[in-house]
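Here are a few exercises to work through with the structure open beside you. Try each task before reading its solution.

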Amino acid sequence: MSGPAIHASGEGSALLFLHAFPLDASQWDHQVAALSDRYLCLRPDFWGCGSSPPPPGSVTLDSYAADVLAALDGLGVTDFAVCGSSMGGYTAFAVLRAAGRRVRALVLSNTRAAADTDDTRADRAAMVERIRAGGTEAIVEPMTQRMLCVRCREEVHIADPVRGRIRRTTADGAVAAVQAMAARPGSTPMLARIDVPTLVIGGGADPIVPVDEAQAMAAAIPGAVVEVLDGSAHLCNLEQPALFSRLVGDFLDASYATQTTGGGGGG
């Protein structure tokens, strides 16, 4: 089976965008438009999402990260910054575990380092059953409502593309992602060892990763910067795209300006 689809735009230092569940790489369209003039924006689709093939059997976020890293090798990309949202943040931790010395900067948005609780795993198992019974359509509206702030739910130019992205995820892909998230290891012990510039972004109205949890994660990473987007829920980069893009662009520009050598990463 071929590897995951990776969309590439722009030129410059590589910037790896890792998308949230149950979306696809097009989650990052606004950021690509803002940053591809100076960064090579690389956006993989998770298995069964967007343009990627079906999941190759049972997958984990670590195995998916390994497949993404192999695809980057094929593109000749040796080092890169990483920006991950929600599930993409979990995958970013997997990338750090596998190839931390290739990572030059890290952005963690609306994500957590802790593993799932028993209650969360039970909720994920129930979601798997809903998907198996009703396909991806069964989660389109519940996830759209849960991930977006009240204002954005009523903004069709924000909410409708989110629905469309979910519908581009196959049932097999959605199930594989849910099960991979439920089985992921906790990454809290590695936070203190992350030694690259790190930006943590949280949504002030995020019901999935409360802002105090995002702030605590940032406090555990040496030198990390935290930004809270007031009024945003779980998809900050879509709810306030211009501000999110500016924060990420300014952070990366400053990080690269202060680095005199490549490499650096935790794990």
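A residue counts as buried when its relative accessible area is under 20%. Please keep in mind that this is a predicted model.

**Exercise 1.** Decide whether Tyr39 is buried or exposed, and do likewise for Tyr256.

*Solution.* Start with Tyr39: its relative accessible area is 4%, so Tyr39 is buried. Next take Tyr256, which has 13% relative accessibility and therefore counts as buried.

**Exercise 2.** Classify the aromatic pair formed by Tyr39 and Tyr256, and find where its two members lie in the chain.

*Solution.* Two values are needed, because a pair of aromatic rings is described by the distance of the centres and the angle of the planes. The ring centres of Tyr39 and Tyr256 are 5.9 Å apart, and their planes make an angle of 50 degrees. Stacked pairs have planes under 30 degrees apart and edge-to-face pairs over 60, so this pair is tilted. As for location, Tyr39 belongs to strand E3 (residues 39-44) and Tyr256 to helix H11, and 217 residues separate them.

**Exercise 3.** Work out how helix H4 (residues 118-134) is oriented relative to helix H8 (residues 171-183), and describe their contact by residue class.

*Solution.* The helices pack at an angle of about 170 degrees, with 10 Å between their axes. Angles over 145 degrees count as roughly antiparallel, so H4 is roughly antiparallel to H8. On the H4 side the contact includes Met127, Val128 and Ile131, and on the H8 side it includes Val175, Val178 and Gln179. By class, there are nine nonpolar, one polar and three charged residues.

**Exercise 4.** Which backbone feature does Ser86 show, and where does Ser86 lie?

*Solution.* Ser86 is not a glycine, yet its phi is positive, about 55 degrees. Ser86 sits in the loop between strand E4 (80-85) and helix H3 (87-99). With 8% relative accessibility, Ser86 counts as buried.

Terms used. Residues are numbered from 1 along each chain as its sequence is written. This is a predicted model: local features need pLDDT of at least 70, side-chain atom pairs count only at pLDDT 80 or more; totals for chains, interfaces and linings use all residues. Side-chain values use heavy atoms; hydrogens and water are left out. Rings of Phe, Tyr and Trp (its six-membered ring) pair if their centres lie within 6.5 Å; planes under 30 degrees apart count as stacked, over 60 as edge-to-face and the rest as tilted. Helices (H or I, at least four residues) and strands (E, at least two) are DSSP runs, numbered from the N terminus. Buried means under 20% relative accessible area, exposed over 50%, partly exposed in between (1.4 Å probe, protein chains only). Axes are lines fitted to C-alpha atoms, for helices over the stretch in contact, and angles run from 0 to 180 degrees between N-to-C directions. Angles under 35 degrees count as roughly parallel, over 145 as roughly antiparallel, 65 to 115 as roughly perpendicular and the rest as oblique. Contact means heavy atoms within 4.5 Å. Ala, Val, Leu, Ile, Met, Phe, Trp, Tyr, Cys and Pro count as nonpolar, Asp, Glu, Lys and Arg as charged, and the others, Gly among them, as polar.
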